[in-house]
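Subject: Structure for you to look through

Dear colleague,

I am handing over the structure that I have been reading, and my notes follow below it. Please keep the 3D view open while you go through them.

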Amino acid sequence: MTTIQPAKITKVLADSIAEEIGFEVGDAIISINGIKPRDLIDYQFLCADEILELEVLDTTGKTHHLEIEKDDDDDLGLEFATALFDGLIQCNNRCPFCFIDQQPPGKRTSLYLKDDDYRLSFLYGSYLTLTNLTAKEWQRIEQMRLSPLYVSVHSTEPDVRIRLLKNHRAGEILSQIRWFQERRLQIHAQVVVCPGINDGKFLEKTLQDLTSFYTGELPTVASVAVVPVGLTRFRPQKDELSPVTKEKAQEVICQVKLLCEKFRKKFGSSVVWLADEWFLIAGEELPTEAEYEEYPQIDNGVGSIRLFIKQFTETAKALLPPKIIHQRRLTWVVGNAVETAFKPLVQQLNTVEGLEVNMQSLCSDYWGQNISVTGLLTGHDLLLNLKGQDLGEGILLPMVMLKHGELVFLDDMTVEEVAQQLNVNIFPVAGVEELINTCIRG
């Protein structure tokens, strides 16, 4: 039985009900209307009432009882240390391609937590396998209408999915999707393609099976992302996995494109999308913006490059001046996967008189990858590639390389350590607007 901890407050929003009442960072909510919230979902559900009776633990350890009267659905204005007050539901599979198992030992503990929690899937779009849910959790999904969830399918062929997940419960996936269908709940699916295991005829069957649930006004399977397996030099020995070659990427692109043509004719939507990495590995042109429709799988790297380019072009048009008064020379560090796609963006920045931006596109020696996405670059990679180079006034560092909320790389090096060793300023930037403003304003 998991213990529910009081929900510790990390932020009280300005001009909120919570600030008016006098909540402080470090206080914790024990119960709402006599119920201890398990997680952020419970908290949001309970706080929808007009009258709230709160049991609160303050920073000195003293318990208080408060009554709040507010309008329906008014937010209290609190943020918490975690979305889960009773702990993470961890994964019970042993997938050979799991990124957690492809890391070196001795790093921060949070890097080794195997998340397979349906609540984080609902709240933040993280993927789960559905293999570890108890009857009580299935019931909660139904009662609270926790939809859509994001599900790692990989294969609808029971034997193949069991082989991939190393879990006998993995073969139940189609009956589980039917469970969602019967309750009018939705999922977004992903298929990580492992050459020689779930590709070819198995991939075709999986996509045909999943799109068969794309029916009615509320399709059960709302979208499918096809993603290439990612391997690192730390992966376990004899894992039966092969890296995706250029030829394999071209083969999968051709196969999925032909299927998508049929799906568009039948459903009026592609339903299935290829992750950007397929095109980068294959050396092929990215799909047009229109092909991504509403970007339903953007957080899975499906269309993220195309969308970034679109946002950059629009923002640059609005923000880039003809010239800047104080000359600036900066280095923009990205993964070499996006080098070709981002070259026109650098050219656009350099049309500003007085501004010079040089792009350094790196592969990750740390992970042992020839083609690397920006988010996997580490402090080690920056030091290896940039030491001794003239980096100008500083480095433009995409925040996707860093731990959420902290200035720490995936290899546990801090931004400060890397800046000191390179003897240069590092400017972490999140999104297009911050990138451009840092270039022109400092």
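The side chain of Asn-198 comes within 2.6 Å of the backbone nitrogen of Cys-194, and that is where I would like to begin. Please keep in mind throughout that this is a predicted model.

Asn-198 sits in the loop that runs between strand E8 (187–193) and helix H7 (200–211). Is Asn-198 buried or exposed? Its relative accessible area is 0%, and because buried means under 20%, Asn-198 counts as buried. If residues up to four places away in sequence are not counted, Asn-198 touches His-154, Ser-155, Val-160, Leu-164, Val-191, Val-192, Val-193 and Leu-203.

One of those partners, Ser-155, deserves a visit of its own. Ser-155 is placed in the loop between E7 and helix H5 (158–165), and it is likewise buried, with a relative accessible area of 0%. The side chain of Ser-155 reaches the backbone nitrogen of Glu-157 at 3.2 Å, while its contacts, leaving aside neighbours within four places in sequence, are with Val-160, Arg-161, Ile-173, Asn-198 and Thr-206. Although Ser-155 and Ile-197 are 42 residues apart in sequence, their C-alpha atoms are 9.5 Å apart in space.

Next come the nonpolar cores. The largest nonpolar core has 94 residues, and those with the most contacts inside it are Leu-207, Trp-278 and Phe-342. Helix H8 (residues 246–267) supplies the largest share of this core, namely seven residues. When its neighbours within four places in sequence are left aside, Trp-278 is in contact with Val-193, Val-226, Val-227, Pro-228, Val-244, Ala-249, Val-252 and Ile-253. Apart from this core lies another, of 22 residues, among them Leu-46, Leu-54, Leu-78 and Leu-120.

The helices are worth a careful look as well. Helix H10 (residues 304–319) packs with helix H11 (residues 339–349) at an angle of about 10°, and their axes are 10 Å apart. Because angles under 35 degrees count as roughly parallel, H10 is described as roughly parallel to H11. On the H10 side the contact is made by Ile-305, Phe-308, Ile-309, Phe-312, Thr-313 and Ala-316, and on the H11 side by Ala-341, Phe-342, Leu-345, Gln-348 and Leu-349. Sorted by class, this contact of H10 with H11 has nine nonpolar, two polar and no charged residues.

In helix H14 (residues 431–441), the buried residues include Val-432, Leu-435, Ile-436 and Asn-437. What covers the buried residues of H14 includes H10, H11, strand E11 (323–335), strand E12 (353–362), strand E13 (394–398) and strand E14 (425–429).

Finally, there are some backbone details to check. Most residues other than glycine have a negative phi, and most peptide bonds are trans. The peptide bond from Ser-147 to Pro-148, however, is cis, with omega near 0°, and Pro-148 belongs to the loop between helix H4 (135–143) and strand E7 (149–152). Arg-145, which is placed in the loop between H4 and E7, has a positive phi of about 55° although it is not a glycine, and at 41% relative accessibility it counts as partly exposed. Asp-412, in the loop between E13 and helix H13 (415–422), also is not a glycine and has a positive phi of about 75°; its relative accessible area of 26% makes Asp-412 partly exposed.

With best wishes

How values were computed
Residues are numbered from 1 along each chain as its sequence is written. This is a predicted model: local features need pLDDT of at least 70, side-chain atom pairs count only at pLDDT 80 or more; totals for chains, interfaces and linings use all residues. Side-chain values use heavy atoms; hydrogens and water are left out. Helices (H or I, at least four residues) and strands (E, at least two) are DSSP runs, numbered from the N terminus. Buried means under 20% relative accessible area, exposed over 50%, partly exposed in between (1.4 Å probe, protein chains only). A polar contact is a pair of N or O atoms within 3.5 Å; within protein, one must be able to donate a hydrogen and the other to accept it, and residues adjacent in sequence count only if both atoms are side-chain atoms. Contact means heavy atoms within 4.5 Å. Axes are lines fitted to C-alpha atoms, for helices over the stretch in contact, and angles run from 0 to 180 degrees between N-to-C directions. Angles under 35 degrees count as roughly parallel, over 145 as roughly antiparallel, 65 to 115 as roughly perpendicular and the rest as oblique. Ala, Val, Leu, Ile, Met, Phe, Trp, Tyr, Cys and Pro count as nonpolar, Asp, Glu, Lys and Arg as charged, and the others, Gly among them, as polar. A nonpolar core is a set of buried Ala, Val, Leu, Ile, Met, Phe, Trp, Tyr and Cys residues joined through side-chain atoms within 4.5 Å.
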